[in-house]
Amino acid sequence: IVCTDWRLLTPFKVDGVEIIEAKCWGVEDLSPHQRAKLALDAGIDQFGGETCPEIIIDLVREGEVPESRIDESVRRLLREKYNLGLFDAPPIDVAKAATIVGRSDFVAAGKKAQRDSIVLLKNGKDIPRLPLAQGIKVYVEGLSEQIVSQYAAIVPTPEDADIAILRTATPHEPREGLLESRFHSGDINFKGEERNHILDLLGRVPTIIDIYLDRPAVIPEIAECAEVVIGNFGAQDDALLDIIFG
């Protein structure tokens, strides 16, 4: 099955105002109907992000694309749905859904998946530092103190702590625009005030730094100075603390 990138045929509009132009690089001079025919002739089965079936219907009715060509792609798509068993399952019982979504065993499986995905990149400078002992004095940034208090004694300053725990994320450069503003882009190294703050903390108290790696991070100086370095790919505070405290 061949699916195009999003919105090759038509622009994205909100209340009639064009927000994102059609991504039809190289064939901007063609009409949406001509673009669709070109893609179908090239073997496309599905147009990503589009909601304009009338274009395909017009091409068939006008004799530009034979109905048998549409049948080929429909057959490919339906075959996979049948193979997945999507037509074997009974209709969704909406009333029953409320008793299934968020069920305790599903939540437990989700938490286990979070714990299993956490990666320990560095554990101590000379000897292993993890796991921490329950009740140890910790200074925290970027975590829920209410959750941390179930594992350790929280102190107000780094100097009062046996160890600090800092949660952060790969840096990014804010961008303008409907799409670019929603995705993290640009540099992947800490810099400026954020970098100085992290290094200052690492110099004041042994520190566990956990980085949400939604994209790679360049952290040579942080990795060198931190006591423990952890990478996560989307984990809640309690899942991280379960790992830190063994």
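## The centre of the sheet

Strand 6 (residues 163-169) and strand 7 (residues 207-212) run in the parallel sense and are joined over six bridges. One of these contacts can be named: A169 has Y212 in strand 7 as its bridge partner. The model described here is predicted.

These two strands belong to an open sheet of six strands, whose order is 3-8-7-6-4-5 and whose pairing is mixed. Strand 3 (119-123) and strand 5 (153-154) are the edge strands; each has a single partner strand, so one side of each is left without a neighbour in the sheet.

## Strand 8 and its neighbours

Strand 8 (228-232) pairs with strand 7 in the parallel sense over five bridges. Within this pairing, I209 has V229 in strand 8 as its bridge partner. Strand 8 also pairs with strand 3, here in the antiparallel sense and over four bridges. On that side, I230 in strand 8 stands opposite L120.

How many of the residues of strand 8 are buried? Five of its five residues are buried, and the strand is described as mostly covered. In a regular strand the side chains alternate between the two faces of the sheet.

Helix 7 (residues 192-204) lies across strand 4 (137-141), strand 6 and strand 7, and runs at about 160° to strand 6. Helix 9 (residues 237-244) lies across strand 6, strand 7 and strand 8, with an angle of about 135° to strand 6.

D237 is a residue of helix 9. Is D237 buried or exposed? Its relative accessibility is 13%, and D237 therefore counts as buried, since buried means under 20% relative accessible area. Leaving aside residues up to four places away in sequence, D237 touches G142, L143, S144, I147 and R167.

## Aromatic rings

A pair of aromatic rings is described by the distance of the centres and the angle of the planes. The structure holds two aromatic pairs. Y82 and F87 form a stacked pair, at 4.3 Å centre to centre and with 25° between the planes. F87 is partly exposed, its relative accessible area being 45%.

Y151 and F245 also form a pair, with ring centres 5.5 Å apart and planes at 35°, so this pair is tilted. Y151 is located in the loop between helix 6 (145-148) and strand 5, and F245 in the segment after helix 9, so the pair ties together parts that are 94 residues apart in sequence. Y151 counts as buried at 12% relative accessibility, and F245 is buried with a relative accessible area of 9%.

A ring is also involved in a contact with a charge. The charged end of R103 sits over the ring of F106, at 4.2 Å from its centre.

## The loop between strand 3 and strand 4

I127 is found in the loop between strand 3 and strand 4. At 62% relative accessibility, I127 counts as exposed, because exposed means over 50%. I127 is 32 residues from A95 in sequence, and the two are 55 Å apart in space, C-alpha to C-alpha.

P131 lies in the loop between strand 3 and strand 4. What kind of peptide bond joins L130 and P131? The bond joining L130 and P131 is cis, with omega of about 0°.

Most residues other than glycine have a negative phi, and most peptide bonds are trans. R7 is not a glycine, yet its phi is positive, at about 60°. R7 is placed in the segment before strand 1 (12-14), and at 16% relative accessibility R7 counts as buried.

D15 likewise is not a glycine and has a positive phi, of about 55°. D15 is placed in the loop between strand 1 and strand 2 (17-20). At 79% relative accessibility, D15 counts as exposed.

Notes
Residues are numbered from 1 along each chain as its sequence is written. This is a predicted model: local features need pLDDT of at least 70, side-chain atom pairs count only at pLDDT 80 or more; totals for chains, interfaces and linings use all residues. Side-chain values use heavy atoms; hydrogens and water are left out. Two strands pair if DSSP finds at least two bridges between them. Contact means heavy atoms within 4.5 Å. Axes are lines fitted to C-alpha atoms, for helices over the stretch in contact, and angles run from 0 to 180 degrees between N-to-C directions. Buried means under 20% relative accessible area, exposed over 50%, partly exposed in between (1.4 Å probe, protein chains only). Rings of Phe, Tyr and Trp (its six-membered ring) pair if their centres lie within 6.5 Å; planes under 30 degrees apart count as stacked, over 60 as edge-to-face and the rest as tilted. A charge sits over a ring if NZ of Lys or CZ of Arg is within 6 Å of the ring centre and within 35 degrees of the ring normal.
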